[in-house]
Amino acid sequence: MASPTSTNPAHAHFESFLQAQLCQNVLSSFQGLCQALGLKSGGGLSQYHKIKAELNYWSAKALWAKLDKRAGQPVYQQGQACARTKCLVVGAGPCGLRAAVELALLGARVVLVEKRTKFSRHNVLHLWPFTIHDLRALGAKKFFGRFCTGTLDHISIRQLQLLLLKVALLLGVEIHWGVTFTGLQPPPKKGNGWRAQLQPSPPAQLANYEFDVLISAAGGKFIPEGFTVREMRGKLAIGITVNFVNKRTAEETQVPEISGVARIYNQSFFLSLLKATGIDLENIVYYKDDTHYFVMTAKKQCLLRLGVLRQDWPDTDRLLGSANVVPEALQHFAREAADFATHGKLGKLEFAKDAHGQPDVSAFDFTSMMRADSSARVQEKHGARLLLGLVGDCLVEPFWPLGTGVARGFLAAFDAAWMVKRWAEGAKPLEVLAERESLYQLLSQTSPENMHRNVAQYGLDPATRYPNLNLQAVSPNQVRDLYDVMAKEPVWRGDKTDSGKPDTGSAGTQEELLRWCQEQTAGYPGVHVTNLSSSWTDGLALCALVNRLRPGLLEPSELQGMGALEATGWALKMAEHELGITPVLSTQAMVAGSDPLGLIAYLSHFHSAYKSMPHNPGLASQGSPATPSAVLFLGKLQRTLQRTRAQVEAEAPRTEEPLVPESGVPLTPPSHHQEDGSEELCALCGEHLYILERVCADGRFYHRSCFCCRICEATLWPGGYGQHPGDGHFYCLQHLPQPDHKEDDKDRGPESQDLHTPGEMNMPSSPLTPTAPLEGASPIPVPKPARQLIRLSSPERQRLSSLNLTPDSETEPPPKPPRSCSALARQALEASFVGWGVPTQSSEVLMAMEKEEERGSSSSSEEEEEEEEDVALDSDMEQALLTWAKKSGTMDKYPTWKRTLLRHAREAEMKRFCKAQVLRNSKRHYGWNSCYTLFRRKTA
């Protein structure tokens, strides 16, 4: 066993390797160690076993124990899980190095390229509990003795890169510095593999390196070709980071760290900062690591007032660009804020230097974050498949106030390594991609609280890290667009754009789609398709394409008389009704040509519909069952177009007002957005229309909340609504006015509502006969709800069959409801005193009230009943009411007791009268069959 004072050169190189704090020193000491042991660096996992066998050094035994424990996990299969897999990792950031370590433990050959030659990033990262345990398991304390020894758990990016670099070198990862990855070089012929395009000229061994897995960890500014990235932006928030030199004096060690002070929780601190220095902040964080690291959120107006920003620009890139930021003012701003936060205990603050030798202070917009749409892809050419994966900032940029960057970066590295393992096991490409995308959906939701509590069990298997894991959340059919089989020319796909347009179908390249459109529209007068943008703005080409797929809808000669909006609107409606192609753009956007990608996506649906049709679409359409309805619909539409053109020609010389649209939708004043087609507007309310909340009907776009029935206001859905040809409004099928119901009862005269001939009473129930409208009535018919079939239960049918439905002239009519308030006042009075302990009234009182009722019914009139509240009652009635009121104490508690009781009596009388009217009108208008059920519903 070697002693601590051993003079073995290998031991000295190993000690230098452990203590090295610069990237070049790490590489040189490791190269010396390999030479002293007679080994070649970059030999894979077998190199680690050779170093461990040759280096019998006491200082290395603890490190070997940790690495052996990690490599001995069953998931790595003793380094044979990916023994035949060759990987290329781009970027030596923390996430790229962590992915390289996992791939090396799986037994893969790993080559890493990095364009930089040193680590110079001083910013400090917050660590989650599982990242701390993971780094300790890799020997972090052996490489960096001060790892997580402070009051807060953090580490600088530079130190994290150094310790991961040392682990990667020991595990046999081949690393090349100063080499920039510029792209992929597909295999030229069958039998060759994928290579990388590198600059400057790499060594021959690296230039000829063929690999089947590419892991990109080169940061958010470099995304491999084929991946799409979207920006997630919130309200502008300007972050300022600054690093000061840590001299490690006794005074500096006593200064406490600040985990995060927000304005809403400590307003007095920020008010004092504003009064003392004029600096207005939202929050501030202080970490003490290799440097004194401060990060703060400053208000824009404060930066403008203090001269940090020269001018206020609406564009964020221009606002925080180097030309608009004053470096001296920014340095003074950061120094004053840091000095105030630490109460001046750090002494004279000196700026640390960045990679360019400048003070390490910067301002950035941390609310702008990029996120990749997918985390992996597969490319294939000449039978050679390449698996591509993203980790680190090129997958998801972190939101620094939450401290999620390195934690989620490590999780993505584990998930990518698991994907490579599944790839090496021979799983189908679509299954591998589906599992990876299922894990990617969980990444943005992870936090220390919703992951497994036992961090010691975390490993490469996702089940050890994610609770409630579902690897089938994304199906293989959903990731087919992530599997590219490359032909001689690159395949254009509409779903690979940053604008988020849907897949354009199976139309191949744009040239192929254009050539197909030219073939289909050839021979139509006035139609010349030369491109996929401006050739479609007049609407003629689109009408020709629809007519080609559905001949006979419109004669080509009639296209010459249409305007651009009219022709385009007709084509959109016909494509939706006859071909089932939902419009992607509005009529205005199609005419303006403001969205060429959307037009390409829309035309590709025509190509897909053409491929699914028989070779002779005309004959096929003639034999279809829907032809009669289509002919009727087209005939109505053609007559509507002709009538609209005639109205336009007749009214154009007389008025300059805008034309009324065909659909009858109320016209909204056009805005400048409508004119240039740059914004979608609802055809009903005229407000801004977002793509997720819009619904299309007859070529127009509406809000889902606006597209509702005019009567019941229920939201309308495709196939469940209709448009009235008279007023142009939309109705559900239940309330859609019938064509023969041209008038409502409201348009009838009072005689027609109250008086009926004897013949009408004996007629069976039938639709109402329309009558001539009154003078001055609106020509637009008022929609009337269609009659519904009333289904009766068995007891109701038996009870209805027992009724005498034949009117009998000898039968006396039912008695009319009482028109006097006296009896009703007596009933209301009795009900009011129930439960008050009032004794039952005497027969004299009842007789007195009956006499009052008889006298009142013979002498009262309708006018007197309205003013009965003020009319004096009969003495007997008055005495009866006074007796009840005195016994119950009502007179003392309620001085207006008499007026209240009479008002209740009139209300009760009115309710009974209304019920009688309902029964009478129901019998007259709906017949006896539905009279009984309707009366039960009204009186329920």
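1. A residue is called buried under 20% relative accessible area, exposed over 50%, and partly exposed in between. K141 has 39% relative accessibility, so K141 counts as partly exposed. The structure discussed here is a predicted model.

2. K141 belongs to helix 7, which covers residues 140-143. Together with K66, K69 and R136, K141 forms a positive surface patch. The 39% relative accessibility of K141 has already been given.

3. Salt bridges come next. The whole structure holds 23 of them. One is between the side chains of R248 and D290, with an N to O distance of 3.4 Å. This pair links distant parts of the chain, 42 residues apart. R248 sits in the loop between strand 10 (238-245) and helix 10 (250-254), while D290 sits in the loop between strand 12 (281-288) and strand 13 (291-298). The two partners fall into separate accessibility classes: R248 is partly exposed because its relative accessibility is 41%, whereas D290 is buried because its relative accessible area is 15%.

4. A further salt bridge joins the side chains of D280 and R263, at 2.9 Å from N to O. D280 is in the loop between helix 11 (267-277) and strand 12, and R263 is in the loop between strand 11 (258-262) and helix 11, so this contact ties together parts that are 17 residues apart in sequence. Are the two partners buried or exposed? D280 has 13% relative accessibility and therefore counts as buried. R263, at 18%, counts as buried too.

5. K300 and D312 also form a salt bridge, and their closest N and O atoms are 3.3 Å apart. K300 lies in helix 12 (residues 300-305) and D312 in the loop between helix 12 and helix 13 (316-319), so the pair ties together parts 12 residues apart in sequence. K300 has a relative accessible area of 25% and is therefore partly exposed. D312, with 37%, is partly exposed as well.

6. Some charged residues are joined in a network. Which residues does this network of salt bridges link? They are R70, R98, E102 and D134.

7. Strand 15, residues 368-372, is mostly covered, with 4 of its 5 residues buried. Strand 15 pairs with strand 9 (residues 229-233) in the antiparallel sense, over 5 bridges. Within this pairing, S368 of strand 15 is the bridge partner of R233.

8. The backbone has a cis peptide bond between Q199 and P200, with omega at about -15°. P200 is in the loop between strand 7 (195-199) and helix 9 (204-207).

9. Positive phi values deserve a separate point. Q78 has phi near 55°, a positive value in a residue other than glycine. Q78 is placed in the loop between helix 4 (58-71) and strand 1 (86-90). The relative accessible area of Q78 is 62%, so Q78 is exposed.

10. H382 likewise has a positive phi, near 55°, and is a residue other than glycine. Where is H382 placed? H382 is in the loop between strand 16 (376-381) and strand 17 (384-390). At 38% relative accessibility, H382 counts as partly exposed.

11. Two C-alpha distances relate residues separated along the chain. A12, in helix 1 (residues 9-19), is 20 residues from G32 in sequence, and their C-alpha atoms are 9.5 Å apart. A12 has 43% relative accessibility and therefore counts as partly exposed.

12. L439 is placed in helix 16, residues 429-443.

Methods. Residues numbered from 1 in each chain as written. Predicted model: local features only at pLDDT ≥ 70, side-chain atom pairs only at ≥ 80, totals over all residues. Heavy atoms only, no water. Patch = residues over 30% accessible without salt bridge, like charges linked within 9 Å, V, L, I, M, F, W, Y side chains within 5 Å. Areas by Shrake-Rupley, 256 points an atom, 1.4 Å probe, with all protein chains shown as cover. Salt bridge = Lys/Arg side-chain N within 4 Å of Asp/Glu carboxyl O. Lys, Arg positive; Asp, Glu negative; His and termini not counted. Charge placed at Lys NZ, Arg CZ, Asp CG, Glu CD. Helix = DSSP H or I, 4+ residues; strand = E, 2+ residues; numbered from the N terminus. Buried < 20%, exposed > 50% of the residue type's maximum accessible area, 1.4 Å probe, protein only. Pairing = 2+ DSSP bridges.
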